[in-house]
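The following exercises are to be worked through with the sequence and the structure at hand. Each task is followed by a solution in steps.

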Amino acid sequence: MEASNLLFVSAAYAVAWAMFIGYFVHVRRATSRARALLDSVNSGSLR
Amino acid sequence: MAHAALSSTTVTAPRTNRLAMFGWFAFVFLVASQIIAIAISPPDRDMGDLQKILYVHVPSAWMSMLAPFTVLYFSLLYLWKKREEDDLLAAASAEVATAFSGLTLVLGMIWGKPTWGVWWAWDARMTSMLVQFLILVGYLSLRALVDERDRRAQWSAAVGILGAINVPIVYMSVRWWRTLHQIQSSPATVDPAYVIGLRLNAFAFLFVMIYFIRARYGAALLERAAEHALQDAALGTGGSNHGS
């Protein structure tokens, strides 16, 4: 593969995987945050 | 909206486990599809190895046109039945549609620079996809700005429906306005050496999209349950153990 082509192909796959991993982390964080808040409310510590 | 709307949708461990298993399946399928596509496809006569970008750009574009229809479906369902779950599913789909639309635009730019010589052109397909992306960003901004739950759901459903109307324009833009972007390809017009890679990656992206929507919906259910529990706690009417 030509060096310049390799650069663009690598960049494309890196961007795609950055989106996949980034969105996965975003969802995991949202889930953990909500679960922690819910647990603290249900356990009475926020009442 | 009545809190009872969420009482039947608590997130349970078995469903979470099934979702995690599906997530792993989507991940393995995606990795395998990309390896197979890259390994078996020869360089294109004109594009050379840049053709390999299409295994991520084209499936991403398909998902960014498919996801807004999920938004449309759940938005219409919400307006019809007024179920909070449909509003949350529409919102989860819109977030995923935004991610895929943004990805499609960036991948298109990365492909466009070495093949067309420019990162961006105000071409019909690129411009209409940018409009779609901005509509979806508007949808998410609206949800972040409106606090009142019913009003937020109704307004965002309206924007979700409008956003879906734009999708046929994005799809047909390459035929209605013959500008820079090539017209749609089909298995009849693509060399068989590239069809299997495209098909595998289309399914892989579809599985990833389904996983993302379902996972985001699960997070939204928990967020909403926490919101309800906090309201109950503030009003002193708690004791229902939301989402446990």
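**Exercise 1: The surroundings of one residue**

Task: In this predicted model, determine which residues B:Ile53 is in contact with, leaving aside its neighbours within four places in sequence.

Solution. Step 1: From chain A, the partners of B:Ile53 are A:Phe8, A:Val9 and A:Ala12. Step 2: From chain B, they are B:Leu107, B:Ile110 and B:Trp111. Step 3: B:Ile53 is also listed, with B:Val96, B:Met209 and B:Phe212, among the residues that have the most contacts inside the largest nonpolar core, a set of 71 residues. Step 4: Elements giving two or more residues to this core are H1 of chain A and, from chain B, H1 (13–40), H2, H3 (84–116), H4, H5 and H6 (192–235). Of these, H6(B) gives the most, with 19 residues.

**Exercise 2: The contact between the chains**

**Exercise 3: Two packed helices**

Task: Decide how H4 (residues 124–145) and H5 (residues 149–176) of chain B are oriented to each other.

Solution. Step 1: The two helices pack at an angle of about 170 degrees, and their axes are 9 Å apart. Step 2: Angles over 145 degrees count as roughly antiparallel, therefore H4(B) is roughly antiparallel to H5(B). Step 3: The residues of their contact comprise 14 nonpolar, eight polar and three charged.

**Exercise 4: The length of a helix**

Task: Check whether the span of helix H2 (residues 54–81) of chain B agrees with its number of residues.

Solution. Step 1: H2(B) has 28 residues and, at 1.5 Å a residue, should span 40 Å. Step 2: The end C-alpha atoms of H2(B) are 40 Å apart, so the two values agree. Step 3: Just after H2(B), B:Lys82 takes a positive phi of about 60 degrees.

How values were computed. Residues are numbered from 1 along each chain as its sequence is written. Chains are lettered from A and ligands numbered from 1 in the order in which they are written. This is a predicted model: local features need pLDDT of at least 70, side-chain atom pairs count only at pLDDT 80 or more; totals for chains, interfaces and linings use all residues. Axes are lines fitted to C-alpha atoms, for helices over the stretch in contact, and angles run from 0 to 180 degrees between N-to-C directions. Helices (H or I, at least four residues) and strands (E, at least two) are DSSP runs, numbered from the N terminus. Angles under 35 degrees count as roughly parallel, over 145 as roughly antiparallel, 65 to 115 as roughly perpendicular and the rest as oblique. Ala, Val, Leu, Ile, Met, Phe, Trp, Tyr, Cys and Pro count as nonpolar, Asp, Glu, Lys and Arg as charged, and the others, Gly among them, as polar. The expected span of a helix is 1.5 Å times one less than its number of residues. A nonpolar core is a set of buried Ala, Val, Leu, Ile, Met, Phe, Trp, Tyr and Cys residues joined through C-beta atoms within 7 Å. A residue is buried if 20 or more other C-beta atoms lie within 10 Å of its own, exposed if 12 or fewer, and partly exposed in between; C-beta atoms are placed from the backbone. Two residues are in contact if their C-beta atoms, placed from the backbone, lie within 7 Å.
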